[in-house]
Amino acid sequence: MVWEVFRQEREGQPFQHGGSLEAPNREFAEAYAREFYGRRDESFALWIVPREAVLEVREPYVADVFDRDYRRVDGYSLKVKLKEARERAAAAGAG
Amino acid sequence: MNAQLLLELADDELVLGWRNSEWTGIAPFLEEDVAFSSIAQTEIGHARAWYELAARESGADADALAFDREPGEYRCAPLCELRLVSDWARTIARHYLYETADAIRIAELARSDDPDVAGLAAKIQREEAYHVMHAQMWHDRLRGEERYEAALDELWPYALAVVEGERRNELAAAVGREPAEPVERGEHTDDLAALWEEMTTVRRSVPGAAW
Amino acid sequence: MAPRTEDEFRAYVQAGGQVETGDWMPDDYRAKLVKFIEMHGNSELMGVLPEREWILRAPTLQRKLALTAKVQDEVGHAQLIYRVVEDLGKPREAALEDLVSGRSKFHNVFHYPTKTWGDVGVIAWLVDAAAIISQKALLKCSYAPYARIMKKICWEESFHILHGRDVVLALVTGTDEQRQLVQEALDRWWGPLMQFHGNPIPAEDDPMYQWRIKSQANEEARQQFLDGYVPQIRELGLSVPDPKLAKRDDGVWEYTEPDWDELRRVVTGHGPRTQERLELRRLSREETAWVRDAVLADAA
């Protein structure tokens with residue numbers, strides 16, 4: 001049975017895929033994952049998952065058909081309006 | 001804590017670690033090869049620590065104690081000397097029996113009046129927990145296999161000699177077996193001579209050299 | 001846009017594109033990829049055999065630990081590599097069967113005997129150095145799962161070179177006898193080391209390079225090795241057993257042409273220790289087959 005091992009390099013960091021291994025059950029999978037991804041003290045924590053439990057999605061989202069710039073940072077152009085607002089506030093303050 | 005007893009501990013770990021490292025590269029499957037190799041390394045590391053403690057009065061160094069004695073001077077239990085590669089059933093039977101005995105022994109040493117011994121035993125206990133887990137994992141998996149049960153029967157008398165006195169009853173209870181006639185320390189098996197020869201061949205080739 | 005033809009795929013990988021396990025690949029790419037990666041796995045596994053004898057003979061506890069850890073890493077690398085091969089469709093048992101039956105290959109250096117503790121130092125230092133040069137080039141392999149494991153492999157290999165160098169330094173600063181161990185080992189290993197990166201195929205003619213499975217030509221790797229390690233060898237007062245070895249003004253190393261016939265003979269199974277080592281693997285597999293049946297056969 002193939003198990004996927006995800007490892008956390010340091011406390012608080014995201015878990016990243018480290019590799020896979022062959023083991024008959026959870027006990028063996030844990031023993032081996034510790035060895036492969038921990039014996040040099042290189043992982044803070046591990047997630048060990050049977051491969052069949054992992055659902056792979058290759059093209060998560062079809063987002064390029066219509067323009068959805070409201071979902072992107074570069075979809076917002078504040079420069080011009082900000083300049084005008086500052087000028088107005090400065091004029092009001094001076095008056 | 002007398003030096004002779006420390007040598008027993010150190011020699012057990014050195015010789016067993018040496019035997020276990022005979023499997024590195026040829027274990028039954030790759031994942032287990034890596035795991036079992038760590039166990040061998042940990043044992044050698046523990047041997048080194050016990051030798052250093054044993055050497056504290058004499059001023060010798062761990063390598064000198066490990067490699068520069070004559071075969072007859074080693075105080076390891078016969079269990080550790082036996083050449084068991086490529087028999088995985090007997091290897092795991094030894095692993096299971098030895099780790100159980102060693103856990104009992106180390107627990108007692110962790111309560112020693114000698115602070116150096118107690119301190120080292122406590123450190124070793126932390127690493128040994130993994131060995132016990134690994135041995136139990138294999139024991140659970142191989143139980144019932146005829147060759148494994150036969151191996152346990154064969155090695156049980158040897159295992160008893162790893163510990164002394166009351167600890168032998170504790171060991172018997174832990175593995176669910178009746179006490180038997182132990183194969184005691186003192187007389188070495190035929191397997192030790194060849195082990196010593198190979199273990200010391202490079203070192204003896206240039207006596208006194210640094211490597 | 002995912003490539004769907006051989007030409008699109010070639011352009012895609014040559015532009016730096018990578019593919020994952022489930023992506024479409026040309027048949028030729030897949031076949032060459034599996035063979036290449038399998039040979040790497042075989043090499044890690046066979047490389048263990050010359051070294052493991054010396055674990056038992058290590059002259060200090062520290063050396064014993066370091067060498068055991070090195071060999072352990074190599075077994076670990078074999079595991080990672082065979083997993084990649086398995087995900088490409090060839091199960092580990094099939095790969096191991098092909099290895100022990102002689103149907104598949106492993107790198108030349110692992111077909112030679114180790115004779116002394118000097119070999120231990122020279123192998124860990126120089127053979128591993130030659131291997132790391134190739135392995136670093138694989139970090140950019142077009143097949144992403146393999147590129148990813150190469151990262152872990154390269155990291156672990158860096159410890160091996162340090163260990164090798166340490167062993168060699170202890171010997172060259174020791175007795176005359178100990179120095180001689182290193183020089184004698186170097187004299188024997190130089191030939192195989194020079195053959196290690198393969199004969200100089202121009203990149204345009206090397207399909208492995210065209211598919212970006214390898215991103216470095218054979219000769220480039222060899223030049224990198226010489227550039228990095230000849231000075232290190234000479235600064236220890238050791239001599240390289242090639243009177244023609246010299247660096248030209250334009251920076252290119254010249255050397256006696258390696259024996260390519262020897263290389264071909266060795267990798268096709270006729271090395272001095274090939275059959276003996278394959279037999280050892282075959283035997284140990286037979287003796288432990290019952291364990292795999294008892295433990296790996298059924299699912300949890």
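Q: Which residues of strand 1 of chain A are on the covered face, and which on the uncovered one?
A: In strand 1 of chain A (residues 2-8), Trp3(A), Val5(A) and Arg7(A) make up the covered face, while Val2(A), Glu4(A), Phe6(A) and Gln8(A) make up the uncovered one. Strands (E, at least two residues) and helices (H or I, at least four) are DSSP runs, numbered from the N terminus.

Q: Before we continue, what conventions apply here?
A: This is a predicted model, in which local features need pLDDT of at least 70, side-chain atom pairs count only at pLDDT 80 or more, and totals for chains, interfaces and linings use all residues. Residues are numbered from 1 along each chain as its sequence is written, with chains lettered from A and ligands numbered from 1 in the order in which they are written.

Q: In which sense does strand 1 of chain A pair with strand 2 of chain A, and over how many bridges?
A: The two pair in the antiparallel sense over seven bridges, strand 2 of chain A being residues 15-22; pairing requires that DSSP find at least two bridges between the strands. Glu4(A) has Ser20(A) in strand 2 of chain A as its bridge partner. The hairpin of these strands has six residues between them, and there Gly12(A) takes a positive phi near 90°.

Q: And strand 3 of chain A?
A: Strand 3 of chain A (residues 45-50) pairs with strand 1 of chain A over six bridges, in the antiparallel sense. Here Trp47(A) is the bridge partner of Phe6(A).

Q: Changing topic: how many residues of chain A are in contact with chain C?
A: 10 residues of chain A are in contact with 11 residues of chain C, a contact being a pair of C-beta atoms, placed from the backbone, within 7 Å. On the chain A side, strand 2 and helix 1 (26-38) of chain A are the elements giving two or more residues. Strand 2 of chain A gives the largest share, four residues. By class, that side has four nonpolar, three polar and three charged residues. Nonpolar covers Ala, Val, Leu, Ile, Met, Phe, Trp, Tyr, Cys and Pro, charged covers Asp, Glu, Lys and Arg, and polar the others, Gly among them.

Q: What about chain C against chain B?
A: There, 34 residues of chain C are in contact with 35 residues of chain B. Helices 2 (27-57), 3 (61-87), 7 (176-195) and 11 (274-295) of chain C each give two or more residues to the chain C side. Helix 3 of chain C gives the most, 12 residues. The side of chain C that touches chain B has 17 nonpolar, 10 polar and seven charged residues.

Q: What is the order of elements in chain C?
A: From the N terminus on, they run α-α-α-α-α-α-α-α-α-β-β-α-α, with 11 helices and two strands.

Q: At what angle do helix 6 and helix 7 of chain C cross?
A: The axes of helix 6 (residues 144-172) and helix 7 of chain C cross at roughly 135° and come within 7 Å. Axes are lines fitted to C-alpha atoms, for helices over the stretch in contact, with angles from 0 to 180 degrees between N-to-C directions. The two helices of chain C are therefore oblique to each other: angles under 35 degrees count as roughly parallel, over 145 as roughly antiparallel, 65 to 115 as roughly perpendicular and the rest as oblique.

Q: Which residues meet there?
A: From helix 6 of chain C, Val168(C), Leu171(C) and Val172(C) meet Gln178(C), Arg179(C), Leu181(C) and Val182(C) of helix 7 of chain C. Of the residues in this contact, five are nonpolar, one is polar and one is charged.

Technical notes
Buried ≥ 20, exposed ≤ 12 C-beta atoms within 10 Å, placed from the backbone. Contact = placed C-beta atoms within 7 Å.
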